[in-house]
Amino acid sequence: MRALLDGDMLIYRAAFASQTTVDLGDGLGNTPIVDEDEAIAEAMRLVRKWTKLARCTEPVLVLSAVKSDSFRHRLWPAYKANRTAEKPAAYNAVRAALSDELEVLAEPGLEADDLLGIYGTEPGAEVVVVSGDKDMKTLPTLVLNPMHEDKPTRIRPTVADQMWMKQTMVGDAVDGYPGIPKVGPVTAQNLILNPTRLRKTVQYVGKRNPKPVEKWVEGEPCSVWQAMVDRAARAGLTEAELVAQAQLARILRHGDWNQDTRTVRLWTPNGPKELPL
């Protein structure tokens, strides 16, 4: 079997672990001290360790394209806008060294996460997706978090979709999208298991001079998506804004990407929408 390794994460961890900082007294603050050979050796050690944990024999390095914005920036301009920290000093050297040694998957305009999803969910493929990113739990395939697990877990399609909708509702501060305000993990999980309508009503409060007060009242059972739309409306979000966040939260799967036409098939509640890169 092939281990699809999250190369972005693996390289970052190896490069960061091999970097120290010192104050040279030049008034410029801390200066990184790097041993590139040590960083490369640490990266190869992680490759072997992660591949072994995945019960695989063939490592494949999956990378985000160099200097290429994801299509998600077009959907949500604030996407990952708060990620301003510089990469460790040895990052590029480690990436180049591993790219020379291993099979590499990279595609302009796509993040490593999406390539992990596209190739990791290909029908009949004997692969394990290896990443410490929680978003990988939204993929219906074999997944391993090498930092916390010692064997792969198969995510069933129903569970993967539930995790995706939960991520849409909760949002991701690191990636820069808010989800549905005031909907946390517990509320989101309960809503997935027991979705109900939420309707805005007007009630008059007061005896002498009744004043209209808006209240949201739970109603009959409905689809998960309709329940999400209602909670978004209460928070002042349009359905279009919620759709965009669902598209941000969805790691691409097999069938969501056409390599020949370089087109992403974006999810919408009414069927896929094509977005050329």
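# Terms and values in a predicted model

Biologist: Which residue in strand 4 is the bridge partner of L5?

Modeller: The bridge partner of L5 in strand 4 is L61. L61 also stands opposite V104, which belongs to strand 5. This is a predicted model, in which local features need pLDDT of at least 70 and side-chain atom pairs count only at pLDDT 80 or more, while totals for chains, interfaces and linings use all residues. Residues are numbered from 1 along each chain as its sequence is written, and side-chain values use heavy atoms, with hydrogens and water left out.

Biologist: What makes a stretch of residues a helix or a strand?

Modeller: Both are DSSP runs, numbered from the N terminus: a helix is a run of H or I with at least four residues, and a strand is a run of E with at least two. By this rule the protein has 9 helices and 13 strands.

Biologist: What is the order of the strands in the open sheet?

Modeller: The order is 11-12-13, and the pairing of these 3 strands is antiparallel. Strand 11 (257–258) and strand 13 (273–276) each have a single partner strand, so one side of each is left without a neighbour in the sheet. Strand 12 (residues 263–266) and strand 13 pair over 4 bridges; the partner of T263 in strand 13 is P276.

Biologist: Why is D135 called buried?

Modeller: A residue is buried under 20% relative accessible area, exposed over 50%, and partly exposed in between (1.4 Å probe, protein chains only). D135 has a relative accessible area of 5%, so it is buried. K134, at 48%, counts as partly exposed. Of the 277 residues of the protein, 42% count as buried.

Biologist: Why is helix 5 described as largely enclosed by the rest of the structure?

Modeller: In helix 5 (residues 112–120), 8 of the 9 residues are buried, so the helix is largely enclosed by the rest of the structure. The buried residues include D113, L115, L116 and I118.

Biologist: What makes D135 and K134 a salt bridge?

Modeller: A salt bridge is a side-chain nitrogen of Lys or Arg within 4 Å of a carboxyl oxygen of Asp or Glu. The distance from N to O between D135 and K134 is 4.0 Å, so the pair meets the limit. By this rule the count comes to 14 salt bridges.

Biologist: What distance separates the closest N and O atoms of K200 and E214?

Modeller: They are 3.8 Å apart, and the two residues form a salt bridge. K200 lies in strand 9 and E214 in strand 10, so this pair ties together parts that are 14 residues apart in sequence. K200, at 49% relative accessible area, is partly exposed, whereas E214, at 52%, is exposed. Elsewhere, salt bridges that share partners join R72, K80, E111 and D114 into one network.

Biologist: Which residues have the most contacts inside the largest nonpolar core?

Modeller: A nonpolar core is a set of buried Ala, Val, Leu, Ile, Met, Phe, Trp, Tyr and Cys residues joined through side-chain atoms within 4.5 Å. The largest such core has 25 residues, and L10, L98 and V130 have the most contacts inside it. Among the elements that each supply at least two residues of this core are helix 1 (7–17), helix 4 (91–101) and strand 6 (127–130). Helix 2 gives the most, with 6 residues.

Biologist: Which residues does V130 touch?

Modeller: Contact means heavy atoms within 4.5 Å. Not counting residues up to four places away in sequence, V130 touches residues including A3, L5, W50 and L144.

How values were computed. Pairing = 2+ DSSP bridges.
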